[in-house]
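These are my notebook entries on one chain. I set down what I looked up, in the order in which I looked it up.

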Amino acid sequence: MATRITGILETPVYVDDLAKAYDFYHGFLGLERMIEGDRIHAYDVAAGQVLIVCLRGASDEDALINGQKVPGHSSYGPSHFAFKIEQDTLSDWSAKVQDAEVDIESRVTWPLGGQSIYFRDPFNNVVELATAGVWPNDPINK
């Protein structure tokens, strides 16, 4: 059998305050929190897709889950990740971001027709909301 990666399961983002992150990722973006811990919170993005919000510095060391090691991991400085949105919600999202007095840093129309807006979370991470048509492997382009 040939090995094949079938998707991205989870994406981590590192923050300095899990409660403040909850206000942003749940309260503002509307993601449902599935797991709440003292090191991480996990949010349901879409079927089988998870955003893991890690307390900066709390995941540096290895952790044990059911007696098995999860290697330590960390990131310092701002990161970037993108959420997929429907084309017909782009203007609604833009208005929601602006109404919350969050600065939209950039708007991009990609060569394949997709559109993105970029803004920052309270921890300076770059959040992108992107429609279909950003990458050549998007089913809309096939």
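The entries below go from the whole chain to its strands and then to a single residue.

**Entry 1: the chain as a whole.** I note at the outset that this is a predicted model. I counted the secondary structure and found two helices and ten strands. Reading along the sequence, I recorded the pattern β-α-β-β-β-β-β-β-α-β-β-β. I then took the extent of the C-alpha trace along its principal axes, which is about 50 × 45 × 25 Å.

**Entry 2: surface and contacts.** I looked up burial and found that 33% of the 142 residues count as buried. The accessible surface amounts to about 9,100 Å², and carbon and sulfur atoms contribute 52% of that area. For contacts between residues at least 6 apart in sequence, I noted that 44% link residues at least 24 apart.

**Entry 3: the four-stranded sheet.** I asked in what order the strands of the open sheet are arranged. The order is β1-β4-β3-β2, and the pairing is mixed. β1 (10-15) and β2 (32-36) are at the edges with a single partner strand each, so one side of each has no neighbour in the sheet. From one strand to the next, the twist averages 25 degrees.

I then followed β2 to its partner. β2 and β3 (residues 40-46) run antiparallel and are joined by four bridges. Within this pairing I located Ile-35, which stands opposite Ala-42 in β3. I keep one general point beside this entry: side chains in a regular strand alternate between the two faces of the sheet.

**Entry 4: the hairpin of β8 and β9.** I turned next to β8 (residues 106-109) and β9 (residues 115-120), which pair in the antiparallel sense over four bridges. Thr-109 has Gln-115 in β9 as its bridge partner. Five residues lie between the two strands of this hairpin, and Gly-113 there adopts a positive phi near 105 degrees.

**Entry 5: Asp-138.** I looked up Asp-138 in the segment after β10 (126-130). Which side chain of opposite charge is nearest to Asp-138, and how far away is it? It is that of Lys-84, at 4.5 Å. A salt bridge requires a nitrogen-to-oxygen distance within 4 Å. Asp-138 accordingly has no salt bridge, yet this residue is buried. Setting aside neighbours within four places in sequence, I listed the contacts of Asp-138 as Lys-84, Ala-132 and Gly-133.

Conventions: Residues are numbered from 1 along each chain as its sequence is written. This is a predicted model: local features need pLDDT of at least 70, side-chain atom pairs count only at pLDDT 80 or more; totals for chains, interfaces and linings use all residues. Side-chain values use heavy atoms; hydrogens and water are left out. Buried means under 20% relative accessible area, exposed over 50%, partly exposed in between (1.4 Å probe, protein chains only). Lys and Arg count as positive and Asp and Glu as negative; His and the chain ends are not counted. Contact means heavy atoms within 4.5 Å. Two strands pair if DSSP finds at least two bridges between them. Axes are lines fitted to C-alpha atoms, for helices over the stretch in contact, and angles run from 0 to 180 degrees between N-to-C directions. Accessible areas come from the Shrake-Rupley method with a 1.4 Å probe; for residues, only the protein chains shown count as cover.
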